[in-house]
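Keep the sequence and the 3D view open while reading.

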Amino acid sequence: MKKILFAASECVPFVKTGGLADVVGSLPKYFNKEEFDVRVILPKYMMIKQEYTSKMEYLTNFYMDYLGDHKYVGLFRMVHDGVTFYFIDNEYYFSGSHPYTDAFFDLEKFAFFSKAVLSSLPILDFRPDIIHCHDWQTGLIPVHLKAGFGYNPFFQGIRSIMTIHNLKFQGVWSVEEIQRLSELPDYFFSSDKLEAYKDGNMLKGGIVYADKVTTVSNTYANEIKTPFYGEGLDGLMRARSNDLWGIVNGIDYESFDPANDDLIYQKYDARTFRKEKVKNKTALQKDLGLEVDPKRMMIGIVSRLTDQKGFDLIQCVLDQICSDSVQLVVLGTGDAKYENMFRHYDWKYQNSVSAHIYYSEAMSHKIYAACDAFLMPSLFEPCGLSQLMSLRYGTLPIVRETGGLKDTVEPYNEYEGTGTGFSFANYNAHEMLGCIRYAEHIYYDKKREWNKLVDRAMAKDFSWNSSARQYENLYRSLL
Ligand code: ADP
Ligand code: GLC
């Protein structure tokens, strides 16, 4: 049996701020259980709902030397959906209403977590062959494995993988601070290791020291070798390109299934969507106080409201979009400028724009099911899960051709009768507007073609089935 331990800062159903949580919470279920025992270790945040914490089993605790102090490390375990989860408890670090608090404290929080993960292994009932690390929060783990921990025979032979879900976030502060928080000697702070542009960089440590590096789509794996997408680390990505794999994300086809989703108004599937899907639209229109009109095209957005997702393009042409015969339903939180932009348009176009500035799993499902199209014009997108959820619900994505959006949405070709959505190439607001209007034209003037696009979208398989096999190959290549 090959033993794999995922280490991450978020994971559904316990704590989620974005797609990372979806991936860490669903992928482990899809490995071949005869060959792989994949478990997950997470911080035990105070904000995790009691329905889960009450099911956690207390294992043990110990005190770990960290920053010149003895720090409490509690260990809990829970089996959920057939997967074993471990939780690291420390109320000083993991209290609060959100997994991420201020940027500086987060560095210490996750440096502590990374050290605590490794310190816990000798007393867990599970010695992993591979530690699979996710994003900067766990970037120090591969470094520690090669540094102090690596001198202990227990840790020798444990391999590590660093998966980049978003290269934009690297865990950066001054060299002095990162050195203090990581407790690593001077040797590690040269420009070929944890130093980058005179700062200390936790993710860079993970990328340099992991045995393999992956990211969440093929296109993004190539893009990050270029200066535009490389976030300053493109040289390192090129240097590690022999060990860099792009494996596209999947989604949990059980949690996201229009035929079996209790969060939506009307269930439907690939056979019945022509009659049933629209009932989700009219019910949502009614609930949100929009004009109830089954024929009106509805465009959805469910997103973190940040520059990454292309909201400056939307801002530039939002009045034009709203002057068309469409309704826009937005769900998201993030930068104040975009939250306020959508609040303003919600007020300005009361019949056609409905903005929801909060986080809600239930509302997100209703939007994926109700809308005709889903807008995601990202500046960059490592993979993107929202467009996969949309495809699953027969809601056609309108996307920019970047990263995972390019790999998962096939643009409509009216001459060949192919495609599952609409896309445009350049980061340009009017190119996006042209693409949206082309989609409107197909929706209003060629409804049969539109429905065939929905047929093809719903027939696509973005479950974990094929990507989990690629992770299995990756693990085998290391063992
Ligand atoms: P990212 O991880 O960059 O935010 P993804 O597309 O990979 O983007 O994943 C976003 C996930 O977060 C999706 O599951 C999406 O439905 C969900 N999501 C984003 N914002 C909200 C919100 N306000 N309410 C509910 N779900 C949201
Ligand atoms: C990041 C990326 C997103 C990706 C997700 C899960 O949040 O922004 O594109 O889908 O991680 O890998």
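Counting ring pairs whose centres lie within 6.5 Å gives 38 aromatic pairs. One of them joins Phe14 and Phe87, whose ring centres are 5.2 Å apart and whose planes stand at 85°, an edge-to-face arrangement. Phe14 belongs to the loop between strand E1 (2-7) and helix H1 (19-26), while Phe87 is in strand E5 (residues 83-89), so this pair links distant parts of the chain, 73 residues apart. Both Phe14 and Phe87 are buried. The model is a predicted one.

A second pair has another geometry. The centres of the Tyr93 and Phe105 rings are 5.8 Å apart and the angle between their planes is 20°; planes under 30 degrees apart count as stacked, and therefore the pair of Tyr93 and Phe105 is stacked. Tyr93 is in helix H3 (residues 91-94) and Phe105 in helix H4 (residues 103-120), so their contact ties together parts that are 12 residues apart in sequence. Tyr93 has a relative accessible area of 0%, and it counts as buried because that value is under 20%. Both rings also belong to a cluster linked by ring pairs, made up of Tyr45, Tyr66, Tyr92, Tyr93, Phe94, Phe105, Phe112 and Phe113.

Rings also meet charges here. The charged end of Arg127 sits over the ring of Phe154, at 5.5 Å from the ring centre. Lys366 places its charged end over the ring of Tyr265, also 5.5 Å from the centre.

Arg39 and Asp37 form one of them, with an N to O distance of 3.0 Å. Arg39 is buried, its relative accessible area being 14%.

Another salt bridge joins Asp319 and Lys348, with 2.9 Å between the closest N and O atoms. Asp319 is part of helix H12 (residues 311-323) and Lys348 is part of helix H13 (residues 336-348), so the bridge ties together parts 29 residues apart in sequence. Asp319 is partly exposed at 31% relative accessibility, and Lys348 is partly exposed at 40%.

The salt bridge of Glu449 with Lys452 lies within a helix. The closest N and O atoms of Glu449 and Lys452 are 3.4 Å apart. These residues are separated by about one helical turn because they are three residues apart in helix H18 (residues 447-459). Lys452 is partly exposed, with a relative accessible area of 35%. Elsewhere, salt bridges with shared partners join Lys2, Glu35, Arg469, Glu472 and Arg476 into one network.

The last stop is ligand 2. Which residues come nearest to ligand 2? Of the 14 residues around it, they are His165, Asn249, Glu381, Cys383 and Gly384. Helix H1 gives the largest share of the shell around ligand 2, three residues.

Polar contacts to ligand 2 come from side chains and from the backbone. The side chain of Asn249 has an N or O atom 2.8 Å from an oxygen atom of ligand 2. In Gln308, a polar side-chain atom lies 3.1 Å from an oxygen atom of the ligand. Cys383 instead uses a polar backbone atom, which is 3.0 Å from an oxygen atom of ligand 2. On its own, ligand 2 has 310 Å² of accessible area, and the protein covers 93% of it.

Key: Residues numbered from 1 in each chain as written. Chains lettered and ligands numbered in written order. Predicted model: local features only at pLDDT ≥ 70, side-chain atom pairs only at ≥ 80, totals over all residues. Heavy atoms only, no water. Phe/Tyr/Trp six-rings, centres within 6.5 Å; stacked < 30°, edge-to-face > 60°. Helix = DSSP H or I, 4+ residues; strand = E, 2+ residues; numbered from the N terminus. Buried < 20%, exposed > 50% of the residue type's maximum accessible area, 1.4 Å probe, protein only. Lys NZ or Arg CZ within 6 Å of the ring centre and 35° of its normal. Salt bridge = Lys/Arg side-chain N within 4 Å of Asp/Glu carboxyl O. Near = heavy atom within 4 Å. Polar contact = N/O pair within 3.5 Å; in protein donor to acceptor, adjacent residues only side chain to side chain. Areas by Shrake-Rupley, 256 points an atom, 1.4 Å probe, with all protein chains shown as cover.
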